[in-house]
Amino acid sequence: MDIKDMEEQSSYIRKNIAPSEPMLRTSRQSTYHWLYTHLFASPINALITLLLATLIIYIAKHLGKWVVLDAIWEGKDRTVCATKIQGGIQNNDWSGACWAFVKANYTQIIYGFYPPEHRWRVNLTGIIAITVNITFLMPSIPYKFINGFISLIIIPIFSWYLLHGGYLSLPLIDTQLWGGLMVTLTIAYISISISFIIGTLLALGRRSQISILRLLCILFIETLRGIPLVSILFIASIMFPLFIPHEITFDKLLRALIGIAIFTSVYIAEAIRGGLQAIPKSQYEAATSLGLKYTTIMCLIILPQAYRLVIPAIINILIGMLKETSLIYIVSMFDLLGMIRITSIQANWITPQTPATAFVTVAFVYWVLCFMMSRYAYFIEKRINLFKQPMIRSKNR
Amino acid sequence: MKGIKENSRIHAINIINVNKWLGKMHILRNMDFSVKFQERVALIGPSGSGKSTLLRCINALETFQKGKIIIEGTELNNTPKTIHLIRRRIGMVFQKFNLFPHLTVLENCTLAPIWVKKMNKKKAEEEAFFYLEKVKISDQATKYPIQLSGGQQQRVAIARSLCMKPRMMLFDEPTSALDPEMIQEILDLIMDLTKNGMTIICVTHKMSFARQLAHRIAFMDEGQILEENASDRFFSNPQHERTQIFLRKML
Ligand SMILES: Nc1ncnc2c1ncn2[C@@H]1O[C@H](COP(=O)(O)OP(=O)(O)OP(=O)(O)O)[C@@H](O)[C@H]1O
Ligand SMILES: [Mg+2]
């Protein structure tokens with residue numbers, strides 16, 4: 001009996017293509033079905049659902065009341081947000097967010113004490129940085145190499161000079177006057193750039209053939225990983241000036257910024273090292289056999305692949321770092337958090353509600369920034385997975 | 001000394017008494033082997049006998065401890081300059097293709113000409129298309145390697161090597177990661193490309209292919225060349241006992 005006969009006889013080989021199963025969740029009815037199976041499948045399940053629902057409704061109601069319904073939107077000073085006992089106009093049992101405070105002080109929260117007639121410099125920096133980075137972050141736009149160079153090297157230097165000034169017709173604006181959101185974003189952006197570059201170099205150094213270089217990198221990484229950011233900031237702001245001659249003044253903000261950058265670069269180095277390890281040796285071999293040199297191989301073949309793998313991990317580190325920038329208040333710089341805090345306790349606005357409002361505002365701004373980063377990481381991750389499954393990709397296109 | 005000079009005039013690759021150890025393992029033992037200009041040699045032998053290692057030593061992808069390798073009269077030493085010179089003369093095709101997954105087929109082919117030969121992009125693309133045409137895959141130029149079948153990927157890998165216009169090619173089992181129906185395709189392609197007198201060493205497990213392609217067959221076992229002979233004589237009249245056993249298994 002030959003194979004063909006066998007195939008015809010065996011009953012367990014399907015002769016026709018199976019009819020496709022009806023799609024789930026196509027109508028409203030199956031939404032109920034979904035609710036039923038996911039939320040009320042058993043009595044215990046239903047009980048948990050109800051308890052949690054009550055809790056959520058309770059919290060949402062009180063928060064909503066505080067944030068929206070009982071909130072004060074308009075006002076010139078603290079009286080609108082203070083109760084009668086506190087010297088204001090509200091009933092004594094009143095409690096609500098004081099958005100009037102945010103509205104009255106938002107420029108200070110954004111720009112700090114940066115002179116109003118020079119705020120265009122901050123705005124210009126922001127617009128340029130956003131435009132350049134949108135093109136850099138979109139995976140489909142080519143020239144990543146040049147774009148990355150502009151984003152990571154040109155923009156930080158350019159924005160420092162534009163914001164700090166002190167040359168041509170741009171008056172110098174001391175970093176003592178900087179504050180608020182602009183400081184948070186400036187520090188975060190410049191530290192990200194620096195730490196990305198240093199991190200890459202450290203990762204490459206840690207895998208280098210030259211053992212002294214490798215040892216130095218390992219020593220550097222392992223030492224810095226064991227020190228909290230707070231102490232690095234203290235060292236940068238208090239101890240560092242002791243070591244250098246008095247004549248040289250090194251900007252305080254710049255010192256803090258470099259401290260944060262170096263601190264972050266160590267973590268980024270480890271993430272990138274993970275990516276480098278995932279690139280098979282055969283890639284190096286194929287490249288060397290074509291006659292390419294080490295730097296070219298790294299820049300054009302190994303690093304682009306490694307970065308793609310570790311972008312989500314790096315963004316995760318950067319999210320953590322963005323929030324840690326608020327620690328610079330310990331070296332008396334006023335970032336978003338610091339600035340809104342001192343604004344909320346100034347004499348003409350201080351009430352029990354203003355600090356609470358201030359912190360909710362700060363939390364929201366940080367959340368928006370971090371959420372955007374996390375969505376971007378998710379988007380890249382999905383793209384990487386798509387890259388691994390060519391079939392899906394080519395079908396979709 | 002004079003002998004070597006003489007040899008280098010007729011020999012493209014001259015391997016003299018090469019020894020390689022990996023830890024305690026003796027991988028290449030007193031290897032003596034040479035390949036004439038425009039000669040096609042097939043290297044066969046059991047798994048683990050050191051065939052890949054030999055090819056990788058010729059291309060300076062690996063180092064060896066003792067002996068000499070002379071490529072077209074240039075002795076391979078550890079200076080970056082010689083290594084670079086030699087790699088530019090030799091193209092290599094790997095078992096697992098090793099294409100660059102983040103670059104398109106065309107970019108895979110133009111990368112080395114642009115960065116090593118400093119060719120301008122337009123010229124490099126023209127030449128790449130010429131070779132992609134030759135391996136019959138120019139219609140896939142804008143795709144990524146992962147979107148191609150194994151056979152197609154190997155064609156791209158061959159074109160990528162050819163774009164550097166090497167004088168010799170090393171093939172390390174170019175068909176063993178392919179489906180059976182692709183194998184003949186790639187073999188025909190290699191035969192086709194190499195009829196114009198390129199120096200070739202090809203490691204293969206396909207005896208029929210070795211016989212068709214090569215002027216000369218070398219049988220390698222335990223880090224040594226045990227037997228080498230013109231291809232018809234090698235198969236019809238193997239001398240060494242181990243060659244006979246190996247051939248009996250393979251045929
Ligand atoms: N990186 C390595 N580490 C340790 N041993 C190795 C390494 N690479 C190769 N070897 C050893 O060297 C010997 C020769 O390996 P090689 O890859 O050259 O064999 P081969 O003839 O190409 O075999 P195959 O036909 O299976 O490809 C083998 O015994 C192998 O175990
Ligand atoms: Mg091998």
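I sorted the shell around ligand 1 by class and got four nonpolar, seven polar and two charged residues. I note here that the model is predicted.

I then looked up which residues make up this shell. Ligand 1 is surrounded by 13 residues, and the closest are B:S47, B:G48, B:K51, B:S52 and B:T53. I checked the secondary structure next: β2 (25–36) and α2 (51–58) of chain B each supply at least two residues of the shell. The most comes from α2(B), which gives three residues.

I went through polar atoms beside the ligand. A polar side-chain atom of B:S52 is 2.5 Å from an oxygen atom of ligand 1. For B:G48, I found a backbone N or O atom 2.8 Å from a ligand oxygen atom. A polar backbone atom of B:S49 lies 3.2 Å from an oxygen atom of ligand 1. On its own the ligand has 630 Å² of accessible area, and the protein covers 59% of that.

I turned to the two chains. Chain A puts 23 residues into the contact, and chain B puts in 23 residues. Between them they bury about 2,100 Å², with 66% of it on carbon and sulfur atoms.

Which side chains meet in a salt bridge here? I found A:E285 and B:R56, at 2.8 Å, N to O.

On the side of chain A that touches chain B, α11 (281–289), α12 (294–324), α14 (353–388) and α15 (390–396) each supply at least two residues. The largest share, eight residues, is from α11(A). By class, I recorded nine nonpolar, eight polar and six charged residues on that side of chain A.

Terms used: Residues are numbered from 1 along each chain as its sequence is written. Chains are lettered from A and ligands numbered from 1 in the order in which they are written. This is a predicted model: local features need pLDDT of at least 70, side-chain atom pairs count only at pLDDT 80 or more; totals for chains, interfaces and linings use all residues. Side-chain values use heavy atoms; hydrogens and water are left out. Contact means heavy atoms within 4.5 Å. Buried area is the accessible area (1.4 Å probe) that two parts lose on being put together, summed over both. A salt bridge is a side-chain nitrogen of Lys or Arg within 4 Å of a carboxyl oxygen of Asp or Glu. Helices (H or I, at least four residues) and strands (E, at least two) are DSSP runs, numbered from the N terminus. Ala, Val, Leu, Ile, Met, Phe, Trp, Tyr, Cys and Pro count as nonpolar, Asp, Glu, Lys and Arg as charged, and the others, Gly among them, as polar. A residue is near a molecule or strand if one of its heavy atoms lies within 4 Å of it. A polar contact is a pair of N or O atoms within 3.5 Å; within protein, one must be able to donate a hydrogen and the other to accept it, and residues adjacent in sequence count only if both atoms are side-chain atoms. Accessible areas come from the Shrake-Rupley method with a 1.4 Å probe; for residues, only the protein chains shown count as cover.
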